[in-house]
Amino acid sequence: DLQKQIGLPADERVPLVGMVSRLDTQKGFGKIPETVRRLTKQKIPCQWAILGVGDKKIQESLLALQKKNKKSFAVHLGFSPDLAHKIYGGSDLFAMPSEFEPCGLSQMISMKYGTIPVVTPTGGLRDTVLPWNSKTKKGTGFVSDSLSADSWSQSLIQAIQTMRKPIPWTALRKNAMKTNFSWKRSAKEYIKLYLKALT
């Protein structure tokens, strides 16, 4: 349904990468063109659904990618709560290649939908996304080794490869959906911290 709404071929076999974000250099949009080129060069099928508004240069860059990749890249400039939630829920992977991120909410929202985040190791992304370990079957997403475009695109490729394996992919999605970011959990951690400070 999401593919149809944003004008992409409706094919469940093709990984769909979602992104809902303010269009700003902080959010790592500079990594997207290089990543798309790398996926194309390696003949890795992938679709993109991006929703956001902001920096004009980033808008132009994304629109240029859309023009060049009409069957795999869809950009919607502006903000729509309905489309945002459809991207969170209908995508397979959620892209957050941020340069810095004090906290970040999108990765937490996407995990509740079972949409797996692919993030950089910075700020709140490092705190909330546990790297997937194929041996232990623990983890909630994919975290690149560095902030570079090369490292982040490699993490996205790893995520796409994992998608092709139904058993580990299901385990990963279940892990993500079970993650608890509620204030009930946070309050317990604060209490522990306060008690530690008192002693």
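**Exercise 1. Decide whether Thr179 is buried or exposed in this predicted model, and describe its surroundings.**

Solution. Thr179 has a relative accessibility of 14%, and because buried means under 20% relative accessible area, Thr179 counts as buried. Turning to its polar neighbours, a polar atom of the Thr179 side chain lies 3.1 Å from the backbone oxygen of Asn175. Finally, once residues up to four places away in sequence are set aside, Thr179 touches Met111, Lys112 and Thr140.

**Exercise 2. Find how many salt bridges the whole structure holds, then work out which parts of the chain are tied together by the pair Asp1 and Lys86.**

Solution. A search of the whole structure gives seven salt bridges. One of them joins Asp1 to Lys86, with the closest N and O atoms 2.6 Å apart. Asp1 belongs to the segment before α1 (2–6) and Lys86 to helix α4 (residues 81–90), so this pair ties together parts that are 85 residues apart in sequence. As for accessibility, Asp1 counts as exposed at 65%, whereas Lys86, at 28%, counts as partly exposed.

**Exercise 3. Treat the salt bridge between Glu101 and Lys27 in the like manner, and then the one between Arg38 and Asp150.**

Solution. Start with the general principle that side chains of opposite charge can pair when their charged atoms come close. The side chains of Glu101 and Lys27 meet at 3.0 Å, N to O. Glu101 sits in the loop between β4 (93–96) and α5 (106–112), and Lys27 in the loop between β1 (16–20) and α2 (31–41), so the pair ties together parts that are 74 residues apart in sequence. Glu101 counts as buried at 6% relative accessibility, and Lys27 counts as buried at 14%.

For Arg38 and Asp150, the closest N and O atoms are 2.7 Å apart. This pair links distant parts of the chain, since Arg38 is in helix α2 and Asp150 is in helix α7 (residues 149–163), 112 residues apart. Asp150 is partly exposed, with a relative accessible area of 46%.

**Exercise 4. Examine the phi values of Lys43 and Lys137, and state where each residue lies.**

Solution. The point of reference is that most residues other than glycine have a negative phi. Lys43, by contrast, has a positive phi, near 55°; it lies in the loop between α2 and β2 and counts as exposed at 74% relative accessibility. Lys137 likewise has a positive phi, near 65°, and its place is the loop between α6 (123–128) and β6. With a relative accessible area of 37%, Lys137 is partly exposed.

Notes:
Residues numbered from 1 in each chain as written. Predicted model: local features only at pLDDT ≥ 70, side-chain atom pairs only at ≥ 80, totals over all residues. Heavy atoms only, no water. Buried < 20%, exposed > 50% of the residue type's maximum accessible area, 1.4 Å probe, protein only. Polar contact = N/O pair within 3.5 Å; in protein donor to acceptor, adjacent residues only side chain to side chain. Contact = heavy atoms within 4.5 Å. Salt bridge = Lys/Arg side-chain N within 4 Å of Asp/Glu carboxyl O. Helix = DSSP H or I, 4+ residues; strand = E, 2+ residues; numbered from the N terminus.
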